[in-house]
Amino acid sequence: MSLFPLQLRDVVFRPNGRAVLDGVDLTLSGEGITVVLGPNGAGKSVLLRTICGLLPSTGGVIDWGGGSFDPLAVGMVFQHPVMLRSSVIDNIALGLVPRGVGARERRMAAMAMLEQIGLADRANDNARQLSGGEQQRLALGRVWLTRPRLLLLDEPTSSLDPSAVEAVERIVRQIRTEGTKILMTTHNLGQATRLADDIVFLAGGRVREHVSVRRFFSQPSSVEARQFIQGELPWHLAF
Amino acid sequence: MASGFLKRLLPALILSATAMSVQAGESITLASTTSTENSGLFGYILPIFEKATGIQVKVVALGTGQALDVGKRGDADALLVHDRAKEEAFVAEGFGAYRKDVMYNDFVVVGPAADPAGIAAAKSTDEAFGKIADSGNAFASRADRSGTHSAEMRFWKAAGKNPEGQAWYKASGSGMGATLNMAAGVGAYTLSDRGSWANFKNRQDLKILFQGDPALYNPYGVILINPVKHPHVKKAAAESFINWITSEAGHQAIADYKLHGEQLFFPLKAK
Amino acid sequence: MGGFSQAFADAFSLLWDFDARVFEIVLLSLQVSGLAVLIGTFIGLPLGACLAVGSFPGKQTAAVIVNGFMGLPSVVVGVVVYLVLSRSGPMGDFGLLYTPSAMVIAQVVLVVPLMAAIARQVVEDTWRQYREELAALRFGWRDTVRVLLHDCRFSLSVAVLAGLGRAMSEVGAVMIVGGNIDRSTRVMTTAIALETSKGDLPLAIALGMVLLALILFLNAGAFALRTSVMRRFE
């Protein structure tokens with residue numbers, strides 16, 4: 001049962017008349033990291049939420065490799081992840097709760113995951129007292145523990161310092177290596193070049209380009225993409 | 001964490017609550033009047049009965065009217081109330097198996113010490129009530145269908161007065177104590193049974209202004225709730241209480257009860 | 001009249017002597033209200049959380065009804081429970097009227113709407129923040145309710161305390177369904193009403209102060225427990 005190729009055909013999201021997604025066409029293979037770039041308000045976050053099933057599309061088709069949508073196989077990490085008023089280990093095991101995993105098993109799996117993301121020594125600490133970077137790693141581990149086939153990341157490092165960004169990127173690469181398809185948004189073009197296999201460039205609620213990362217940065221075909229790279233690149237390389 | 005604490009607390013609470021409701025030995029529910037409860041009579045005679053028979057009597061103190069309603073619904077085993085006309089109707093309608101005389105006390109008319117209506121000089125209860133109505137001084141009424149309220153209505157009628165709706169007529173709609181509190185607060189006259197008055201502490205300016213007229217005689221009767229109508233009635237236990245309180249021993253206990261050195265209730269020999 | 005100083009003196013001497021009758025009355029109050037609030041917690045808090053989280057037709061109406069019932073006079077609850085438990089009522093065969101069980105039942109009816117209404121507010125505020133992420137982790141409504149109740153446990157202690165306060169301080173319902181029977185169903189509030197009706201105002205005030213002290217003590221205890229646990233997880 002494969003979700004891929006995941007095909008979006010003419011997907012529209014138009015709440016209250018204003019089109020946020022205005023006919024998105026996109027095909028994703030089952031491997032690698034696809035980074036969605038685009039100016040603010042291009043519809044990047046809405047695209048991820050629509051694929052995740054959190055927002056209903058108002059038009060078009062999402063085709064999961066010819067099969068039906070399996071919510072348990074699709075995970076998402078948000079820009080500001082929720083931390084329950086509880087311990088780190090309770091938080092990381094959270095995703096196993098609706099999957100019917102028993103308490104003891106949850107604990108063991110959670111502990112193993114904490115080792116993997118380097119938070120094992122914080123297991124019993126208050127999750128809300130973790131740093132931003134640690135919280136983001138916890139959020140990644142939380143979804144990773146549910147073994148999704150497709151992982152959606154919405155600006156996972158937007159407010160982190162460089163060393164925390166690096167730690168998060170390391171985990172993202174690990175998840176990719178284990179065979180999970182990743183679709184992520186970022187404003188950090190350096191991060192895009194470091195992580196992406198291919199780039200989706202979104203502007204005005206439509207996909208303007210979907211090409212390899214090398215080609216996108218060397219030969220952007222659309223005017224918008226060229227402007228975007230020129231406008232954004234110097235500022236982000238400063239990091 | 002918190003749930004572990006609850007898991008320990010829950011059984012403890014349930015156990016203690018069931019322990020409270022499950023009493024050793026037999027018990028009956030007696031619906032009676034606030035006047036007897038407030039006088040302290042039950043606190044004196046019921047332990048004597050319980051000691052003799054092992055039966056606990058649980059007293060729910062209400063107005064006579066409410067007590068009769070509770071009896072009609074079958075929520076008590078016996079009644080001890082003071083409104084002979086209503087009691088006899090209650091038995092006649094089949095709600096009670098029978099009624100027996102128990103004791104009597106008397107009513108007193110209390111009011112502000114200055115006695116603005118001048119009832120202290122009245123020759124009869126009718127005259128006293130007539131004077132109160134004519135003076136326009138405030139009068140606090142139970143207005144709760146209690147035996148005391150019934151008696152008060154009789155007195156107004158005998159005096160040829162209709163106090164309903166008059167500005168000076170304060171209908172408290174509550175028990176004897178609350179009505180006495182009201183009378184003390186506004187300087188009103190009121191009709192009280194002697195027991196409630198004797199046990200009432202917040203008298204302020206109130207004192208007894210009229211008493212001793214035979215019309216103020218206040219008989220109490222005991223009624224067994226009809227077991228035919230309400231099969232769950234604890235007939236045997238209730239009858240042993242009725243038999244005791246109408247017996248020599250019961251009469252002695254009633255006569256022995258004194259509040260501030262004064263006997264409040266007088267046994268009535270069965271006819 | 002003895003006045004307030006006398007009332008204070010009476011209250012302290014009662015507490016000091018630890019009068020057995022007063023102790024019995026206080027104990028029964030704690031048992032009846034404690035059990036009612038415990039049962040109310042298991043009904044009211046999940047009910048409130050379901051009203052916050054659930055999406056079903058009539059949700060707004062249900063929330064309005066629960067909020068409205070919060071202001072129900074305890075006497076009305078007492079009369080309704082009386083009619084239900086009365087020998088002539090639908091549950092008369094159990095013979096529960098004029099027992100502590102009847103008082104517990106009436107107080108459960110009294111506190112559930114209050115606790116549900118507070119829980120709904122508390123849980124809804126948190127749910128707004130968690131909604132997307134829980135949905136993305138594929139939480140169904142049952143697990144959502146469970147996680148939110150646990151996560152809001154510190155704020156929900158307010159609902160429990162409010163329930164306890166209402167249960168311990170109400171007099172109308174327990175008076176009617178309990179009957180204020182000496183040594184059987186007499187609790188603090190009905191004892192206060194009785195002493196007031198006897199015109200023994202100082203004793204009534206003294207009992208009232210014992211009740212107040214008890215409620216303050218329970219609140220302080222809950223507050224201390226809450227801050228000590230919260231320090232770890234807020």
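Biologist: How many helices and strands does the secondary structure of chain C come to?

Modeller: Keep in mind that this is a predicted model. Chain C has ten helices and zero strands. Along its sequence the pattern reads α-α-α-α-α-α-α-α-α-α. Its C-alpha atoms fill a box of roughly 65 × 50 × 25 Å along the principal axes.

Biologist: Now to the place where two chains touch. How many residues of chain C are in contact with chain B?

Modeller: The general idea comes first: the size of an interface is often given as the accessible area lost when the parts come together. Here, 32 residues of chain C are in contact with 32 residues of chain B. Together the two chains bury about 2700 Å², with 60% of that on carbon and sulfur atoms.

Biologist: How many residue pairs are in polar contact between chain C and chain B?

Modeller: The count is ten residue pairs, both residues being at pLDDT 80 or more. On the side of chain C that touches chain B, the elements giving two or more residues are helix H2 (20-53), helix H4 (74-85), helix H5 (100-136) and helix H9 (188-197) of chain C. H2(C) gives the most, with six residues. Sorted by class, that side of chain C has 13 nonpolar, 13 polar and six charged residues.

Biologist: How many salt bridges does the rule find across the interface of chain C and chain B?

Modeller: The rule finds one there, while a search of the whole structure gives 31 salt bridges over all chains. Glu37(B) sits in helix H2 (residues 34-39) of chain B, whereas Arg186(C) is in the loop between helix H8 (172-178) and H9 of chain C.

Biologist: Let us turn to sheets. In what order do the six strands of the open sheet in chain A come?

Modeller: As a general point, strands of a sheet pair through backbone hydrogen bonds, either parallel or antiparallel. In chain A the six strands come in the order E5-E6-E7-E3-E8-E9, and the pairing is mixed. Strand E5 (74-77) and strand E9 (206-212) of chain A are at the edges with a single partner strand each, so one side of each has no neighbour in the sheet. From one strand to the next, the twist averages 20°.

Biologist: Do show me some pairs. How many bridges join E5(A) to strand E6 of chain A, and how do they run?

Modeller: Four bridges join E5(A) to strand E6 (residues 150-154) of chain A, and these two run parallel. Within this pair, Val74(A) stands opposite Leu150(A). For a contrast in direction, look at E8(A) and E9(A): six bridges join them, and they run antiparallel. There Ala203(A) stands opposite Arg206(A) in E9(A). E8(A) and E9(A) form a hairpin with two residues between them, and Gly204(A) in the turn has a positive phi of about 60°.

Biologist: Which strands does helix H1 of chain A lie across in this sheet?

Modeller: Helix H1 (residues 44-52) of chain A lies across strand E3 (33-37), E5, E6, strand E7 (181-185) and strand E8 (198-203) of chain A, and runs at about 150° to E6(A). Helix H4 (residues 132-144) of chain A also packs on the sheet, where it touches E5 and E6 of chain A; its direction makes about 175° with that of E5(A).

Biologist: What is the order of the three strands in the other open sheet of chain A?

Modeller: The order is E2-E1-E4, and the pairing is antiparallel. Strand E2 (21-28) and strand E4 (59-64) of chain A are the edge strands, each pairing on one side only. The twist averages 15° from one strand to the next. Five bridges join strand E1 (residues 6-13) of chain A to E4(A), and Gln7(A) has Asp63(A) as its bridge partner in E4(A). H1(A) lies across E1, E2 and E4 of chain A as well, running at about 115° to E1(A).

Biologist: Last topic: backbone angles. Which residues does a cis peptide bond join in chain A?

Modeller: In general, most residues other than glycine have a negative phi, and most peptide bonds are trans. In this model a cis peptide bond joins Phe4(A) and Pro5(A), with omega about -5°. Pro5(A) lies in the segment before E1 of chain A. In chain B, His260(B) has a positive phi, near 50°. His260(B) is in the loop between strand E10 (258-259) and strand E11 (262-263) of chain B.

Notes. Residues numbered from 1 in each chain as written. Chains lettered and ligands numbered in written order. Predicted model: local features only at pLDDT ≥ 70, side-chain atom pairs only at ≥ 80, totals over all residues. Heavy atoms only, no water. Contact = heavy atoms within 4.5 Å. Buried area = accessible area lost by both parts, 1.4 Å probe. Salt bridge = Lys/Arg side-chain N within 4 Å of Asp/Glu carboxyl O. Polar contact = N/O pair within 3.5 Å; in protein donor to acceptor, adjacent residues only side chain to side chain. Nonpolar A, V, L, I, M, F, W, Y, C, P; charged D, E, K, R; others polar. Pairing = 2+ DSSP bridges. Axes fitted to C-alpha atoms, helices over the stretch in contact; angles between N-to-C directions.
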